[in-house]
Structures are given as C-alpha cells and as structure tokens.
Amino acid sequence: MSGFKSQFTEQICSVTQEEWNGLVGIEYPFLRYEFLVALEESGSVSAETGWQPQHLIIRDQASQLVAVLPCYEKDHSYGEYVFDWSWANAYYQHGMNYYPKLLSAVPFTPAVGPRLVIDPEQDVDLLRHCAVQAVTDFCQRQRYSSWHLLFPQSVLKEGLDAISGEHSLMCRTGSQFHWYNRGYECFADYIGAMTSRKRKSVRKEREKVVEQGITFLHCSGQEITPELLDDFYLYYHATYMKRGQQGYLNRGFFELLLQTMPESLLFVFAQLDGRNIAVAFFLKGGGTLYGRYWGCLEEYKHLHFETCYYQGIDHCIDHNLAHFDAGAQGEHKIQRGFEPIPTYSYHWIAHPGFRDAINDYVALESQDVLAYIDDAATYLPFKQQAG
C-alpha cells in the first residue's frame, strides 16, 4: 500500500483518544472518539446488535495514524436511513446472501459529515485510493456482498466521484430538509423573511403551545441530573414503543456521553405544571445543531414541532449557529423554512450482475430525487427563497 499499512479493528480503543481526535477533530460530534467509544462500551453496537465494528485504520511507515474510516459489519439494514431493503430482497429471490455487508456510517445517525478522514499533510489522493482498495479487498476476503458509505460531506464526495469508475463505486442521491441561519437576530427576524400568510401560520402554532401553559427548559449536558436523564430516557423509548420497537441506544450510551462530551449535548424539556411532558435531544459542533431524538407520553397540539424545531431554531439564533440539521425525512419542515438539500451515499457491489442493475436503478432514482428537490424548493415560505 505504497508505504502505508491498513488494519481493520473490531474495537476503536485499538487507537488512542489522542490519536483519533488529533486526526478527526472534535467539531463533528458523531465521529469523536468519545461518541464512538460510547456506542461500543455501552453495547449499543456489537455483533449481537448487528453492528460489529470493523474500523479501517491506516498508518504510515513510522506508525503514525494517517487515515481512519468507521466501518461496521451488518447483518441487517436497520438504523441506516439509506434504504436498501429492496436490494436485499432481490438477492434473496435469486438465492443469494446480501448479508453480511460492510457499512461506513455513524450508527443510527443520518447526519452528513466526515467519514474517511485523512491527514491533510499526507498525499490525500493516494490515501483515498489506498483506503477504498483496502475496503473492497477486505470485503472480498470476508465474502461481504457489498460496501456502503453513507452521508459523506462534500469534500469526500468530490474525492470519491473522481475515483468511482476505477473502484466500481456508484453514487446514490437522497434528500433532507435543513435550516440555515441567514444572520437572524431573533425568531421574529427569521419569520419576517416569510410571506405574510406563512408568518401568521408559524406565530399561531407557537401561540397555541403557549396557550396550553407549556414552557421550555434548555439544559446542556453539564446540567442534566439523574432525574432529568430518567425522564429523557423514558420519553426516548416511548417514541419507539409506539411503533412496537425498542430504541437502538441504551441508557449506558447516554450516561457515557454525559461523562465524556457534555458540552456537545443539548436537552430541551417541555414542561407543564412543573413536570416534564416531552423532551428533544440534540448534539452540536462546528456551527451546526443536530436534532436527534424526541419523545412524549401524551399528545399536545403543535408540541412536537415546537420542541424539536422551533426551539432548535431559537437556540441556533441565540448562539449564532449557522446550520440546523434536524434529521431525516419530514416534508412538513418545508413550510417552516427548512430547505431541501441533496444527500449522497456510495455503494460497491461485489456481484457484477447486481452491480449493473443497481447502478441503473440509482441513476434513474437520482434524477427523480433531484427533480423532487427542485419542486420542493418552490414551496418554501420565504418572500424571496433563500439560497
């Protein structure tokens, strides 16, 4: 590997925190050493949960860490947010195994960000080639059906586009809705950019919450007591139980985050008559607020959007955060000013026949998704659409 040594490790602790964060940084919370360690030490990711770590570590001849790529061996497709169930079904119908596969992503987190992180003082293009070759070679040795890299940031997308033909990578397009801070000084300033009708609609939604006597408590990770964590975890699981599922993350995961990276956490509790009735959980870093989890036991009019989105916008404005990534899906966000954007994923398929078929599929799908994004943008509520 041109003087570099690649290794796949089942535990992130095979790298030190100083090494990992020294290369990756701490601005993007989901790739911090502390976040990934919490997933592993809590047992939220493991062979038993279908998320066996297989992280790619690349070192130079002096044993210095020069590149990392979080990877997981998967025996299902839950918790990924880029849906390939139809691909798995096609394999099954042809008497072939789609699982296990290899996934490069942050578990349970559809947030765009760094994935393959390379020391900028190295030959980045060469290391990108080396990393992709190491991954595809590993997949063939392990007899994985495929490799999938989800939600890369734009700089990695550009790099992968440049080598996709050489490595038989295909790019798939998705969409999300994000909020951008256009220099607003207050929430009224923000909705002032909307048409009169949309501005009145947002005001009425917020007023309905106030009329119910609901107030909000914003807490950083340092301010969370065991009692508040009890309430949060109850509401977190309640959201999944309504769909007959268990939450992906256990309490130990959140306890570890509170111990190791509390400054990156934000909890917004909705309160009525002195008790918590709902909560939204966020992470933040690099000028972005990431909305992740929400839960309640009783339904209140407009409470979900107020807690998860308007309170998040308030926080961004108050703290000069430029960007609010509120999570996957949700066309209802458009009318409140969340702008449609494209997201991407990259896929390597071992079987040549399925590779060709899937490539044709994602090419047509991407055309439809981009057309959808253009159409969705016409429904934004602004007098003059941002962007």
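Helices (H or I, at least four residues) and strands (E, at least two) are DSSP runs, numbered from the N terminus. The views show a predicted model, where local features need pLDDT of at least 70, side-chain atom pairs count only at pLDDT 80 or more, and totals for chains, interfaces and linings use all residues. Residue numbers start from 1 along each chain as its sequence is written, and side-chain values use heavy atoms, with hydrogens and water left out.

On a 1 Å grid over the protein atoms alone, a pocket is an open set of points with protein on both sides within 12 Å along at least five of seven lines; a cavity is a set where a 1.4 Å probe fits but cannot get out; lining residues have an atom within 4 Å of a point. Points are joined across faces, edges and corners, and a volume is the space filled by probe spheres set on them. Four elements each supply at least two lining residues: helix H8 (226-241), strand S12 (275-285), strand S13 (288-296) and helix H10 (303-318). S13 gives the most, with four residues. The lining of the largest pocket holds 17 nonpolar, nine polar and four charged residues. Here Ala, Val, Leu, Ile, Met, Phe, Trp, Tyr, Cys and Pro count as nonpolar, Asp, Glu, Lys and Arg as charged, and the others, Gly among them, as polar.

**View B. The second largest pocket.**
About 370 Å³ of space lies in this pocket. Of its 18 lining residues, Tyr81, Phe83, Gly174, Ser175 and Thr343 are the closest to the centre. Strand S9 (169-180), strand S15 (339-349) and helix H11 (352-377) each supply at least two residues. Which of them gives the most to the lining of the second largest pocket? S9 does, with six residues. By class, the lining of the second largest pocket has eight nonpolar, eight polar and two charged residues.

**View C. Two cavities of 30 Å³ or more in the structure.**
Rolling a probe the size of a water molecule over the atoms shows where empty space is left. The largest cavity has a volume of about 40 Å³. Its lining is Phe30, Phe35, Thr109, Leu249, Phe253, Phe281, Leu283, Arg292 and Tyr293. Seven of the lining residues of the largest cavity are nonpolar, one is polar and one is charged. The second largest cavity has a volume of about 30 Å³. Around it stand Trp51, Gly79, Glu80, Tyr81, Leu103, Ala105, Val106, Pro107, Phe108, Thr109 and Leu150. Eight of those lining residues are nonpolar, two polar and one charged. Thr109 lines both the largest cavity and the second largest cavity.

**View D. H8 packed on helix H9 (residues 251-260).**
Two packed helices are described by the angle between their axes and the distance between the axes. Axes are lines fitted to C-alpha atoms, for helices over the stretch in contact, and angles run from 0 to 180 degrees between N-to-C directions. Angles under 35 degrees count as roughly parallel, over 145 as roughly antiparallel, 65 to 115 as roughly perpendicular and the rest as oblique. Contact means heavy atoms within 4.5 Å. A crossing is left-handed if the near helix is turned anticlockwise from the far one by less than a right angle, and right-handed if clockwise. H8 and H9 pack at about 135°, with their axes 11 Å apart. H8 is therefore oblique to H9. The crossing of H8 past H9 is right-handed. Pro226, Leu229, Asp230, Phe232, Tyr233 and Tyr236 of H8 meet Arg251, Phe254, Glu255 and Leu258 of H9. This contact of H8 with H9 has seven nonpolar, no polar and three charged residues.

**View E. Helix H4 (residues 124-142) against helix H5 (residues 154-163).**
H4 and H5 pack at an angle of about 70°, with axes 11 Å apart. The two helices are therefore roughly perpendicular to each other. H4 brings Arg128, His129 and Val132 to the contact, and H5 brings Leu156, Gly159, Leu160 and Ile163. Four of the contact residues of H4 with H5 are nonpolar, two polar and one charged.

**View F. Backbone details at Pro100 and Ser63.**
Most residues other than glycine have a negative phi, and most peptide bonds are trans. The peptide bond from Tyr99 to Pro100 is cis, with omega near 5°. Pro100 sits in the loop between helix H3 (85-93) and strand S6 (101-104). Ser63 is not a glycine, yet has a positive phi of about 70°. Ser63 lies in the loop between strand S3 (55-59) and strand S4 (65-69).
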